[in-house]
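I keep these notes as I look things up in one structure. The sequence and the model come first, then the entries.

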Amino acid sequence: MIVIKVGGAEGIDLDALAADAAALIRSGRRAVVVHGGSHATNTLSERLGHPPTFITSPSGHTSRRTDRRTLEILQMACRGVLSQGLVERLQRNGVNAVGLSGMDGRLWEGTRKEVVRSVKEGRIRLIRDDFTGTVDRVNVGLLRVLLDAGLTPVVSPPAISVNHEAINVDADRAAARTAAALGAEDLLLLSNVSGLMRAFPDESTLVPRVARSEVEAAAGWAHGRMKKKVLGAGEALSEGVRRVIIGDARRSAAVTRALAGEGTVFQ
Ligand code: ADP
């Protein structure tokens with residue numbers, strides 16, 4: 001079992017990635033594909049006249065301000081375009097893929113943050129109408145039904161809260177949860193960088209291996225959303241996933257290369 005998280009940042013070659021993932025699946029490997037929609041949501045938000053805004057928490061983490069309109073735009077980007085794009089590409093390569101959001105069949109169930117703290121001009125503001133949260137539970141039964149029927153699930157945000165609201169969740173961490181829940185051996189986090197760099201963007205500082213005890217230090221080298229990947233990698237390892245690889249999806253055979261240990265391997 002393998003979970004492949006496909007990034008959405010600029011430069012990713014989705015055609016090549018889908019062809020490579022499909023070859024692996026056709027050879028008999030069971031796979032769940034996960035993707036987010038951050039970059040596409042930014043672009044679509046601009047085009048729809050509701051530009052993206054970001055919140056900085058008191059601890060310095062940045063996250064998307066997800067009001068109801070932003071949530072709808074995220075749904076349009078994820079389910080409307082990206083999910084269908086991946087399903088189409090996998091189908092073209094002989095894999096019977098099925099696109100689902102984390103809400104479908106309560107695939108990703110989580111907790112909505114009731115209050116989000118935002119620091120602005122040195123003052124803390126409380127936001128109560130934000131639709132963000134984390135995935136606490138994965139409907140593994142549904143994934144297994146699909147996999148047993150020879151189908152390949154393609155899963156993306158939003159998730160569903162315990163109170164039945166759509167919530168925006170980080171796709172890297174949701175992928176980590178999914179891999180752990182499925183007892184996957186490998187989790188691939190494929191993006192537009194060659195891996196985690198100690199001094200980004202200096203390629204010569206690529207970190208080839210991170211032991212479980214080094215994850216905290218590794219999180220210190222990551223900025224922005226790369227931090228979520230490192231956090232997700234740490235969570236996946238501590239929940240029993242054997243290997244997490246941050247690999248490069250700009251190059252051909254991204255899945256094969258990552259599985260061969262190219263990129264940053266957390267083990
Ligand atoms: P995706 O949407 O493809 O999952 P993200 O944009 O969430 O990708 O994260 C990848 C980005 O993380 C890279 O494009 C890079 O700009 C940024 N980044 C921050 N710190 C690092 C680091 N230390 N090493 C590599 N990339 C980093």
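This is a predicted model: local features need pLDDT of at least 70, side-chain atom pairs count only at pLDDT 80 or more; totals for chains, interfaces and linings use all residues.

Which residues does Phe-266 touch, not counting residues up to four places away in sequence? I found Leu-196, Val-210, Val-215, Val-230, Ala-233, Leu-237, Arg-242, Arg-243, Val-244 and Ile-246. Contact here means heavy atoms within 4.5 Å.

Residues are numbered from 1 along each chain as its sequence is written, and side-chain values use heavy atoms, with hydrogens and water left out.

**Entry: the cores**

I looked up the largest nonpolar core next. A nonpolar core is a set of buried Ala, Val, Leu, Ile, Met, Phe, Trp, Tyr and Cys residues joined through side-chain atoms within 4.5 Å. Buried means under 20% relative accessible area, exposed means over 50%, and partly exposed lies in between, with a 1.4 Å probe and protein chains only. The largest core has 44 residues, and the members that touch the most other members are Val-3, Trp-108, Leu-187, Val-230, Val-244 and Phe-266. At least two residues of this core come from each of β2 (31-35), β9 (133-138), α4 (140-148), α5 (171-182), β13 (186-191), α6 (215-221), α7 (226-238) and β15 (243-248). Helices (H or I, at least four residues) and strands (E, at least two) are DSSP runs, numbered from the N terminus. I noted that α5 supplies the largest share of this core, six residues. There is a second, separate core of 27 residues, and Ala-22, Val-33, Val-154 and Leu-259 are included in it.

**Entry: the sheet of eight strands**

In what order do the strands of the open sheet of eight strands stand? I read β5-β10-β2-β1-β13-β15-β16-β14, with mixed pairing. Two strands pair if DSSP finds at least two bridges between them. The edges are β5 and β14, each with a single partner strand, so one side of each has no neighbour in the sheet.

I then followed some of the pairs. Strand β1 (residues 2-6) runs parallel to β2, with five bridges joining them. Val-3 has Val-32 in β2 as its bridge partner. β2 and β10 are also parallel, joined by two bridges, and Val-33 stands opposite Val-154 in β10. Strand β5 (residues 97-101) is parallel to β10 too, with five bridges. There Gly-99 stands opposite Val-154.

Is β10 (residues 152-156) mostly covered or uncovered? I wrote down covered: five of its five residues are buried. Thr-152, Val-154 and Ser-156 lie on one side, Pro-153 and Val-155 on the other, and all are buried.

**Entry: the sheet of four strands**

This open sheet has the order β9-β6-β11-β12, again with mixed pairing. I found β6 and β11 paired in the parallel sense over two bridges. Ile-160 in β11 is the bridge partner of Glu-109.

**Entry: backbone exceptions**

Most residues other than glycine have a negative phi, and most peptide bonds are trans. I looked for departures.

- Pro-157 and Pro-158 are joined by a cis peptide bond, with omega about 5 degrees. Pro-158 is placed in the loop between β10 and β11 (159-161).
- Phe-200 and Pro-201 are joined by a cis peptide bond, with omega about 5 degrees. I located Pro-201 in the loop between β13 and β14 (209-210).
- Arg-106 has a positive phi, near 50 degrees. This residue is in the loop between β5 and β6 (108-112), and at 25% relative accessibility Arg-106 counts as partly exposed.
- His-164 has a positive phi, near 70 degrees. I placed His-164 in the loop between β11 and β12 (166-167). Why does His-164 count as exposed? Because its relative accessibility is 58%.
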